[in-house]
Amino acid sequence: MNELRLIFWETTRGCNLRCIHCRADAELKRSPDELTQDEAEKFIDEVVSFSKPILILSGGEPLYRDDIFDIAKYASDKGLHVALASNGTLITPEIAQKIKDSGIMRVSISIDGADAQTHDGFRGISGSFDKAILAIKYLQDKQIGTQINTTVSKHNVASLDKIIQLVRELKVNAFHVFMLVPVGCGVQIEETNQIEALQYEKVLEWLYEESKKPGLEIKATCAPHYYRIIRQKGAKTQSKGCLAGSNVCFLSYKGDIQPCGYLAVKVGNIRAKSFKNIWEHSDVFQKLRDPTLLGGKCGYCEYRFVCEGCRARAYAKTGNFLDEEPFCVYEPKRQTTA
């Protein structure tokens with residue numbers, strides 16, 4: 001039931017951009033505390049000893065690491081599906097070839113506006129939009145799967161139709177929409193950039209309608225309400241909302257394990273403890289795997305086993321990751337144990 005399906009590894013906090021929403025609060029230089037290649041390979045060995053999740057190499061900007069292709073190759077040779085999450089600005093035709101040779105199956109590129117002005121303003125560096133678009137083309141030329149990630153906030157919510165038009169024109173495989181979570185740099189911009197709960201709902205309604213159109217895989221991330229909306233529309237889904245600690249975990253650049261990258265609750269460190277032991281026995285993970293422990297209206301909502309609310313937003317708001325989701329407008333129709 002609690003199969004490990006996704007590991008997000010923050011390979012480095014080093015990054016060349018200055019995104020105003022950054023979860024990692026990225027830095028210009030790499031940290032000496034980063035996991036080494038040997039430590040990474042040991043971690044991969046332990047992972048494959050009991051599971052076969054998708055390993056997502058993220059950052060910061062993972063291409064800051066000169067050993068990233070060796071790590072990716074090691075993981076793919078061990079049988080893991082490996083993906084790369086990049087801002088795209090460092091991807092050239094030569095880098096795209098190295099990505100392909102390393103066995104990476106898909107690369108997600110962050111696009112946060114339909115034009116350079118909107119995207120570059122969010123990402124903090126002029127020219128980042130044009131480089132990201134080129135990166136997608138370079139990757140597609142090498143037959144590497146491509147995905148666009150978009151973080152929704154006040155700066156771009158009015159242009160979502162234009163963004164998804166661009167996404168379709170670029171012929172990527174997938175479009176993943178992220179709802180802003182107030183952690184890292186996101187704390188500083190919460191008041192100015194976080195959309196209201198009602199608008200949040202409207203965005204997810206819009207995304208559902210877009211998902212019914214053919215030719216593009218669409219997914220809502222950090223937006224568990226989306227799975228409640230799917231059920232309300234009479235559709236079925238094999239997935240559920242918040243997967244933190246139940247099917248997903250996060251590995252920080254220095255070896256800390258968290259339920260997800262946005263829920264900053266350390267449950268152990270792979271330099272001190274077996275990852276398998278952390279995954280199977282962490283008290284925090286056990287609590288996150290039991291929706292009956294949820295508080296507030298999430299605790300009696302009829303969709304709690306489908307949605308569960310964003311545990312990271314609850315934690316950011318109250319300090320209790322089991323509290324009710326603060327950005328949900330839905331009012332449960334009945335108290336239920338079903």
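Let's start with N247, which counts as buried because its relative accessibility is 5%; buried here means under 20% relative accessible area, with exposed over 50% and partly exposed in between, using a 1.4 Å probe and protein chains only. Before going on, some housekeeping: this is a predicted model, where local features need pLDDT of at least 70 and side-chain atom pairs count only at pLDDT 80 or more, while totals for chains, interfaces and linings use all residues. Residues are numbered from 1 along each chain as its sequence is written, and side-chain values use heavy atoms, leaving out hydrogens and water.

Back to N247, then. You'll find it in the loop between α9 (225–232) and β8 (248–251); helices (H or I, at least four residues) and strands (E, at least two) are DSSP runs, numbered from the N terminus. The N247 side chain reaches the backbone oxygen of E3 at 2.8 Å. D283 sits 36 residues away from N247 along the chain, with 15 Å between the two C-alpha atoms.

Now for the sheet. It is open and built from 10 strands in the order β7-β6-β5-β4-β3-β2-β1-β8-β9-β10, with mixed pairing. At the edges are β7 (217–221) and β10 (268–269), each of which pairs on one side only. Two strands pair if DSSP finds at least two bridges between them. For a parallel example, take β3 (residues 81–86) and β4 (residues 106–110), which pair over four bridges. S86 has I109 as its bridge partner in β4.

On to the aromatics. Searching the whole structure turns up six aromatic pairs. Rings of Phe, Tyr and Trp (its six-membered ring) pair if their centres lie within 6.5 Å, and planes under 30 degrees apart count as stacked, over 60 as edge-to-face and the rest as tilted. F43 and F275 have ring centres 5.1 Å apart and planes at 70°, so they are edge-to-face. This pair ties together distant parts of the chain, since F43 is in helix α1 (residues 37–48) and F275 is in helix α10 (residues 275–281), 232 residues apart. Both F43 and F275 are buried. W279 and F285 are edge-to-face too, at 5.5 Å centre to centre and 65° between the planes, and both are buried. Ring pairs also join F43, F50 and F275 into a cluster.

The charged end of K276 sits over the ring of F50, 5.8 Å from its centre; the criterion is NZ of Lys or CZ of Arg within 6 Å of the ring centre and within 35 degrees of the ring normal. R289 places its charged end over the ring of W279, 4.5 Å from the centre.

What about the core? A nonpolar core is a set of buried Ala, Val, Leu, Ile, Met, Phe, Trp, Tyr and Cys residues joined through side-chain atoms within 4.5 Å. The largest one has 90 residues, and I91, I99, F175 and F275 have the most contacts inside it. Helix α8 (residues 197–211) gives the most to this core, with seven residues. Apart from it lies another core of six residues, among them L6, A83, A85 and L243.

Finally, look at L160, in helix α6 (residues 160–169). L160 counts as buried because its relative accessibility is 5%. Setting aside neighbours within four places in sequence, L160 is in contact (heavy atoms within 4.5 Å) with V152, V203 and W206.

Definitions and conventions:
A polar contact is a pair of N or O atoms within 3.5 Å; within protein, one must be able to donate a hydrogen and the other to accept it, and residues adjacent in sequence count only if both atoms are side-chain atoms.
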